[in-house]
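I opened my notebook for this one and wrote things down as I looked them up. Have the viewer ready and follow along.

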Amino acid sequence: MESVSYQRFPKIKIREMKDDYLKFELRETDASMANALRRVMIAEVPTIAIDLVEIEVNSSVLNDEFIAHRLGLIPLTSERAMGMRFSRDCDACDGDGQCEYCSVEFHLRAKCITDQTLDVTSKDLYSSDHAVIPVDFSDPSDANDPFDNTETQRGIIIVKLRRGQELRLRAIARKGIGKDHAKWSPAATVTFMYEPEIHINEDLMETLTLEEKLSWIESSPTKVFDIDKVTQQVVVVDPEAYTYDDEVIKKAEAMGKRGLIDIRAKEDSFIFTVESTGAVKASQLVLNAIEILKQKLDAVRLSDDTVEADDQFGELGVHMRGG
Amino acid sequence: MVVVQADSLSEENVVDHLIDKQKHAAPPVKSAVDKFQLLPEFLKGRGLVKQHLDSFNYFINIGIKKIVRANDRIVSTVDPSLYLRFTDVKIGKPSMVVDAISEQITPHMCRLSDTTYAAPILVNIEYISGSHGRKEKMIKNDVVIGRMPIMLRSCCCVLYGKNEAELARLGECPLDPGGYFVVKGTEKVILIQEQLSKNRIIIDNDKKGNINASVTSSTEATKSKTVILMEKEKMYLCLNQFAKKIPIMVVMKAMGMESDQEVVQMVGRDPRYSALLLPSIEECASHGVYTQQQALEYLEAMVKRSTYSSSSTEKQENRALAILRDVFIANVPVRKNNFRPKCIYVAVMLRRMMEALLNKDAMDDKDYVGNKRLELSGQLISLLFEDLFKTMITEVQKTADTLLVKQNRSSRFDFSQYIVRDSITNGLERALSTGNWDVKRFRMNRKGVTQVLVRLSYMASLGHMTRISPQFEKSRKVSGPRALQPSQWGMLCPCDTPEGEACGLVKNLALMTHVTTDEEESPLISLCKCLGVEDLELLSGEELHTPNSFLVIFNGLILGKHRRPQQFANAMRKLRRAGKIGEFVSVFVNEKQRAVYIASDGGRVCRPLVIADKGVSRIKEHHMRELMDGARTFDDFLHEGLIEYLDVNEENNALIALYEWEATPETTHIEIEPFTILGVVAGLIPYPHHNQSPRNTYQCAMGKQAMGNIAYNQLGRMDSLLYLLVYPQRPLLTTRTIELVGYDKLGAGQNATVAVMSYSGYDIEDAIVMNKASLDRGFGRCIVLKKYTCTNQKYENGASDRILRPRKNEERERVLDDDGLAAPGEIIRHGDIYINKESPIETRGPLKSAAALADVKYRPCAQIFKGTEGESCVVDRVALCSDKNNNLCIKYKIRHTRRPEVGDKFSSRHGQKGVCGTIIQQEDFPFSERGICPDLIMNPHGFPSRMTVGKMIELLGGKAGVSCGRFHYGSAFGEPSGHADRVEAISETLVKHGFSYNGKDFIYSGITGCPLQAYIFMGPIYYQKLKHMVLDKMHARGSGPRVMLTRQPTDGRARNGGLRVGEMEKDCLVAYGTSMLLYERLMVSSDQFEAQVCRACGLLGYYNQKLKAAMCTTCKNGDKVSTMKLPYACKLLIQELQSMNIVPRLKLAEA
């Protein structure tokens, strides 16, 4: 049997990049690869989140567990997370979260002494580590915006206090992954789509009147097609807006023009959208995910079982050994 | 000329008509006045439980005064010149006497301190006080005769008329509707009781198919039931006081109608009626009864001789007449022995019976809502109070008499001293807290009248307050009363009824229903006379049923007749609309019975409707504008005759159009809003009119079990069990009812993104698959608060329980503070001590000082927390108060936060319940290319057979709602009036935001990353978490506790009981032939016992431990004793039989 190499070299093209948003194309690979990347981003890229809360005083309306749960869900900047240890395998401490390798301590002290309700927000959390702080959502670009909403400036609300109520607590943040609890997931949204390939049968299209063309364009719930003002031809303006809803195909069939349009999903081309919670930058999130994916593959490649069973893997073994 | 003109006119009319029709066909939304705003206005003025409040207020303001006025004298039988008279009665402010100081109380104080929210009953009295022949008149004001439990938000309540801030200061939730009582700290509702109308003739078939006419009479003095029965073409009277049934003609003769002709005339001169009457007349003659005297003698012989009252024979002579006067149709008064009204009444009954005989349609329907009355809290309490008040009076009289009999009294006699207050207080309190209405005086013995107000969710409490409990016992297998009655339209909710045995019997009020209270009768009677009702006294029997006149019947009493019934009715209605007579007086012209019924009695259900003149609504655009501007209230609409209340009977005289544009010239009324035919609980279902009807009924039952917020003061309350949702939301797809009742402020559910697809196989049989990340983020998370109470008892010898400070290093006493009580905020686990209490060993005997008692005289009596093993709870609150015996009472609230787990029950608002089948990681969940990932997955098989189209529309509407940022509506039948968004409009919104019009999305599998083969119907649906959770139900046991008597394992989860191998399970094992398994299950694992059996006598022996040998007690030796194994229960049976002098002997043989 002739050995055929199925090895491919995936390519990435970044389309749009912001701190918490990334859109890129992933080409020349298949769905398993794309999905693995997506899954790792959601569930296995580590971040830091509050995991242990010691409440000293809580006279607020929300009970202790409630507040602890809310604290846990506050995203913390986690650039350090990749280098940190999981507290369960930290050998510098016995897991009570006191050591710098695996945990970060936070303090919160708030008391309302005025008649106005006091919003306790993530800004009131004082961190022992300046690199790990609650994510700041205020956009520096419009800091001097007169219509700026002060609510967003104040961070994430934890609880509101009335006159005389007090909240005092110590919280320990630890490294973790989204698989354990969603609070450790750095991804707000990670999704991909197959890139659609749209072919308009121009000959058939020309048999349509302008009105028919317009109504056909209208039948798509998203704006995929438009009409060229000059030539009055139907053009694809945004293929990615297509949601594989088949509406245009059905419409074409209803108009008696079967085969007017041919839309196929490219099997090897994906458009990723990654939105980060702010714990890590979206770009870093992707890099971390790739890193973790590599580590996982390494773990398989280098494990004793794999070496022993090397023969069974055949060509795959060659791949894994870096062939 | 004239003809032509007429023709042209008619042609014009035709054209007009055509145009009209076109107008009707066109979408008419804009042309009609939007009357919806009336509804919030109506509910604002009324609240959700006005029926209870009105009824109670009526009792407090009028009813109680009537009772006291009717029994206002206590006269000494010894010295009739000594008397006490109640001149006035009123209810004070709710207060409590603590250490001889009267203190104002609030309902919340009572809830927390387990006391009764009650106000003193104050009377003004006037009495003769005297000693040694000198008598003087004394007057005392505001004497307390007892304490009346006060309904919350009634006119006596401290919450009456308070605004939101004031209510909050009193610790009360502004959304709480009131209408219940606080008795000994628990909230009690007096359920609305459904009953057959009192004082009305009801023609019905009895079991044998005989026609009978029955009247349940109820006056202040007596209550009786009169039945006239037709058997073998002859008519008889059945009355409890007579031993046998009496020929009706005898009764007529006894009442002075000696001439048969007169009777025939009174019944009506129709030859058919005379023919039907003939057999009865003949029978009367066959008994030889011709005169009144003979008739009375005949009756006298029939009177049931009561065993004890045979004192004076002279009195007995007149007993028949007395019965006829006082008991027979007691609601018709006999003045100066004038029996004529009663004769006429009987004649009308006979006439109606004969009519029913000739024409089956004339039969009355017992299930017809118009023939029913609802008895509310005010009426029930007034019955109770009347009884207690009368009892008190007789008691006072008795004590006064015994005192006055003594000749040489030293002190002066003071009547007012003998008024006891405890009997009324305790009587009222006992009845309210047990729910047993035992009023001997009125031969009333009802159980379960009050119930503890359900506080599982806000909806549950509201639903509880509108519930109507049935008159029949539930076990009866009849379909009639359970069926939905057409007359329930708009009055009683067609959806909200329980499933199972009480199905259709327990009902709920609709949103706008009002229940009337009694209204003064005499002004209405004189008004009727003024409007041309011809008095009965002036009419001969012949004239009674003349073809051109109608009888006028007022509250079941025949007033007379009227020659122009329609004009009369119109005049009455005009007066009502003008506000000259009460708005709840109903005028009903019954063409079939040729009678005008006027009703002003309490307990009728009615609802407001817009009045229309010739099909044109009286409410115009400017009225509604004034309402919006606040220049007009609902009452103004009522007073100006734009709106009126119609009861079920009067609805029969009305032609009610659903919408203004549907009105025809004949229309007399227009509905305010069609969705008001549903009740409060059914009102929270979106698009209920698209669902299969039983689904809505199921939801009504489930909406009451949903967790959420129960009130704004929920954390300040001390409920014994409280379920709260951590993040409750208001539904994305709301209804108008939701906003009206405040469900949007106290929601009980969350908007979950639902994908309708199959996933993982753990979603069969209605199970749902949940997203773990959603649960991590707080979906379905709930707080369970449980109350534990403990009293620090004081004993008769002066000793009392004591609470000790904890010992250090004792693991179980970890959560205790220095005062020996668990501190709030401490984490408490199964087996922890939360009160370190000790009780004295000696509790009787001579008085001892509590401090002097030595430590050895106490035994530990610590309170140990019994939670679920492995779960940790938190002490939420500790409250200390004193109970009614002045003991220290410690209440704990222990909190447990739970996240959903496999087996927890969830439900949408469409009767689609399901348990969580599995919980799956977010990355394995399907996702759309926008990144939307569902919170839960529901199996599509839930749809075809359930036909809950409403749920699908809810999904669509919710999806459109989140896309465009506007709450969508789905009120029942709301599409034409704009209170429900149409699917077309929703689809348009969806398309505008880039979704498919049908709500389906293109989805990728989270496991493979490949697109799914089908488009998936996905969007937000409001999901409720129901109170049934696995944690409270799961149970397993290996070995454990046993019942002392039988030595078998205990039963039930609470006692860590065993799982029973029942009859059917046993049969299975028998069928399989697994004899050893059976032996093991039923014997070894249950109550195996080693018994000593004597082979000689066959009786049980015993094992003598000293001799190390088995003995037989009967034979006195151990020669032939064998040891055998048998169930302990069997041994017990043998011994029990022996104790009954039955000797079971065991005959043993070698196996």
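**Ground rules.** I start with pairing: two strands pair if DSSP finds at least two bridges between them. Helices (H or I, at least four residues) and strands (E, at least two) are DSSP runs, numbered from the N terminus. I am working on a predicted model, in which local features need pLDDT of at least 70 and side-chain atom pairs count only at pLDDT 80 or more, while totals for chains, interfaces and linings use all residues. Residues are numbered from 1 along each chain as its sequence is written, and chains are lettered from A and ligands numbered from 1 in the order in which they are written.

**Entry 1: a sheet of 4 strands in chain B.** I found an open sheet with mixed pairing and the strand order 15-9-19-20 in chain B. Its edges are strand 15 (372-375) and strand 20 of chain B, each pairing on one side only. Strands 19 and 20 of chain B run antiparallel and are joined by 2 bridges. Opposite B:Arg467 I see B:Asn508, in strand 20 of chain B.

**Entry 2: B:Gln488.** I then went to the loop between strand 19 (467-469) and strand 20 (507-508) of chain B, where B:Gln488 is found. B:Gln488 counts as partly exposed because it has 19 C-beta neighbours inside 10 Å. Leaving out residues up to four places away in sequence, B:Gln488 touches B:Val369 and B:Pro494; contact here means that the C-beta atoms, placed from the backbone, lie within 7 Å. I also noted B:Ile677, 189 residues from B:Gln488 along the chain, with 8.7 Å between the two C-alpha atoms.

Entry 3: Strand 25 of chain B pairs with strand 26 (residues 595-599) of chain B in the antiparallel sense, over 5 bridges. One bridge there puts B:Phe588 with its partner B:Tyr597, in strand 26 of chain B.

**Entry 4: helix 26 of chain B.** Which residues of helix 26 (residues 983-992) of chain B are buried? I get B:Val983, B:Ile986, B:Thr989 and B:Leu990. They lie on the same side of helix 26 of chain B because they cover an arc of only 120 degrees around the axis, the arc being that of the directions from the helix axis to the C-beta atoms. The face turned away from the buried side carries the exposed residues B:Glu984 and B:Lys992. The cover over the buried residues includes helix 25 (949-964) and strand 49 (968-969) of chain B.

**Entry 5: where the chains touch.** The contact takes 31 residues from chain A and 27 residues from chain B. On the chain A side, the elements giving two or more residues are helix 1 (31-43), helix 2 (64-72) and strand 9 (187-200) of chain A. Helix 1 of chain A gives the most, with 8 residues.

**Entry 6: whole chains.** Chain A has 10 helices and 12 strands, and 34% of its 323 residues are buried. Chain B comes to 30 helices and 56 strands, and 42% of its 1151 residues are buried. The C-alpha trace of chain B spans about 110 × 95 × 75 Å along its principal axes.

Key
A residue is buried if 20 or more other C-beta atoms lie within 10 Å of its own, exposed if 12 or fewer, and partly exposed in between; C-beta atoms are placed from the backbone. Two residues are in contact if their C-beta atoms, placed from the backbone, lie within 7 Å.
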